[in-house]
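Here's a structure to walk through together. Take a look at the fold before reading on.

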Amino acid sequence: MTSIYPYILLITAAVAIAATVVSLQAGITNVFPHLYYLPIVLAAYWYPRQGVVFALVLAIAYCALVLLLGNADVAALAAAAIRAAVFVGIAAVVAYLAGHLKNDMKEYRALFESTGTATMLVGRDGTVARINSELANVTGYSEDETAGTIGWENFVAPEERERVGTMLAGLDSHGSSAPSSFEMRAARKDGSVFDAMMTVAAAPTTGGYIIALSDISERKQADAALKASETRLQTILDSLQAGVAVIDEEDHTIEYVNPAAADLIGAPGDQIIGHICHRFICPAQKGSCPISDLGQSVDHAERVVVTLQGEEIPVIKTVARMTVDGHPYLVENVIDIRNRKEAEQALLAYVTEAALRLKQPVELIRDNLADILQQIHDDETARDVIETAIKVQIIHADRIVDNLRDLDRAVAQERKEIPEAFRAFLSR
């Protein structure tokens, strides 16, 4: 389009000069000078630097024609000189304003192109007036093929067009220029779609809209991966038989408990979360936390957990520190060892009873064997008597073994946690 500007200027200037010649020859002096304003204004607007020179040339040509073809009186020449000065003055003003306008347009264009965000200018009728290079790169459209030829709908996935249209209509009806941002599905030239954040703002000077699209596909994928990871972690925590609790190390409030920990404490998770850990998880007094206050470490150590009813349950506890977003937390892992403790008590009882059952018979056998040994040394007792005495002690030893077997069978039948193979061994 720029290439036809010189021709337009030449044609309009020629028309003005021709009209001047005809008018002066006909004695008309008041109308034709106005024809010079069009080429002068256009030249100053299109070519700010050369426009004033162009106007000066036309002004000189106008004055020369008036001098040659018009009345040569002083008044006519003075009027022509004044008009010529006005021509140059108008050209200078228009050139000045046009230069500033073009500079502003360059700055605007540079800003439009350097935002780093895919942006389009949309007219009131929904037609795309301009897109920047970033939007061209993202969608595959060129700037030339979009200007005034396609609507904003081409950049929006079909299923999203109604929603975006409602957003634009609402922005227009409320007369607000504040941008509105929302997630949507944008479309490329090849028909493929991608996740985007659309920001829409009214353009008050044109009555249209400024629409920016930010590709958030990678962020959405990262969010989906993070959510899947959180789901897997939650599933693992929920399926653990060990109790897990997360505690704010600064104020010792419980931030999270898994189902196993909630069952151990004897209350739903929502009744535990938010409470101080000293009430449920740790019996230590406030200000005497073994980890944060006393600087101790807890790694596979025997501790107790306090239930909702105040009961202390023996557990094996491990505590680890972690930091999330610069904030310190304690992760406590507890394993209920009540069954193990009961088994230990049963074992202690078994050992105690076995010791009681063995002590007296073994002492009796020991004394009898010592007596038999003395008789052998004295050589005063007949051999058959000694043999009989030894056989009696063997019978006593057999009775001790029988007592131990009876005790083993009783323990095996009472203790359900004993494996079947070991239970069979004890029952033999």
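The sections below go through the contacts, the cavity and the core.

## What you're looking at

This is a predicted model, in which local features need pLDDT of at least 70 and side-chain atom pairs count only at pLDDT 80 or more, while totals for chains, interfaces and linings use all residues. Residues are numbered from 1 along each chain as its sequence is written, and side-chain values use heavy atoms, with hydrogens and water left out.

Helices (H or I, at least four residues) and strands (E, at least two) are DSSP runs, numbered from the N terminus.

## Salt bridges

How many salt bridges turn up in a search of the whole structure? There are nine, a salt bridge being a side-chain nitrogen of Lys or Arg within 4 Å of a carboxyl oxygen of Asp or Glu. One of them pairs Lys-189 with Glu-145, at 3.1 Å from N to O. Lys-189 sits in the loop between β3 (180-187) and β4 (193-203) and Glu-145 in helix α6 (residues 143-146), so this pair ties together parts that are 44 residues apart in sequence. Lys-189 is partly exposed, with a relative accessible area of 45%, and Glu-145 is partly exposed too, at 30%. For those labels, buried means under 20% relative accessible area, exposed over 50% and partly exposed in between (1.4 Å probe, protein chains only).

Arg-185 and Asp-195 make another salt bridge, with their closest N and O atoms 3.1 Å apart. Here Arg-185 belongs to strand β3 and Asp-195 to strand β4, so the pair ties together parts that are 10 residues apart in sequence. Arg-185 is partly exposed, with a relative accessible area of 28%. Then there's Lys-317 with Glu-332, whose side chains meet at 3.3 Å, N to O. Are Lys-317 and Glu-332 buried or exposed? Both are buried. Elsewhere, salt bridges that share partners join Glu-183, Arg-219, Lys-220 and Asp-223 into one network.

## Aromatic pairs

Next, the rings. The structure holds six aromatic pairs. Rings of Phe, Tyr and Trp (its six-membered ring) pair if their centres lie within 6.5 Å; planes under 30 degrees apart count as stacked, over 60 as edge-to-face and the rest as tilted. Tyr-5 and Trp-46 have ring centres 3.8 Å apart and planes at 5 degrees, so they are stacked. Tyr-5 comes from helix α1 (residues 5-26) and Trp-46 from helix α2 (residues 37-46), so the pair ties together parts that are 41 residues apart in sequence. Both Tyr-5 and Trp-46 are buried.

Tyr-36 and Phe-87 are also stacked, because their ring centres are 5.3 Å apart and their planes lie at 25 degrees. This pair links the loop between α1 and α2, where Tyr-36 is, with helix α4 (residues 74-114), where Phe-87 is, 51 residues apart. Tyr-36 and Phe-87 are both buried, and together with Tyr-37 and Tyr-62 they form one aromatic cluster.

## The cavity

On a 1 Å grid over the protein atoms alone, a cavity is a set of points where a 1.4 Å probe fits but cannot get out, and lining residues have an atom within 4 Å of a point. Grid points are joined across faces, edges and corners, and a volume is the space filled by probe spheres set on the points. The count comes to one cavity of 30 Å³ or more, and the largest cavity holds about 60 Å³ of space.

Its lining is made up of Ala-245, Ala-261, Leu-264, Ile-265, Ile-281, Val-305, Glu-332 and Val-334. The elements giving two or more residues to it are α9 (259-265) and β10, with α9 giving the most, three residues. By type, the lining has seven nonpolar residues, no polar and one charged (Ala, Val, Leu, Ile, Met, Phe, Trp, Tyr, Cys and Pro count as nonpolar, Asp, Glu, Lys and Arg as charged, and the others, Gly among them, as polar).

## The nonpolar core

A nonpolar core is a set of buried Ala, Val, Leu, Ile, Met, Phe, Trp, Tyr and Cys residues joined through side-chain atoms within 4.5 Å. The largest one has 24 residues, and those with the most contacts inside it are Met-120, Phe-155, Met-184, Met-198, Ile-211 and Leu-213. At least two residues each come from β1 (118-122), β2 (128-131), α5 (133-139), α7 (161-174), β3, β4 and β5 (208-215). The largest share, four residues, is from β4.

Technical notes: 1 Å grid on protein atoms, 1.4 Å probe; cavity = no way out; pocket = protein on both sides within 12 Å on 5 of 7 lines; lining within 4 Å.
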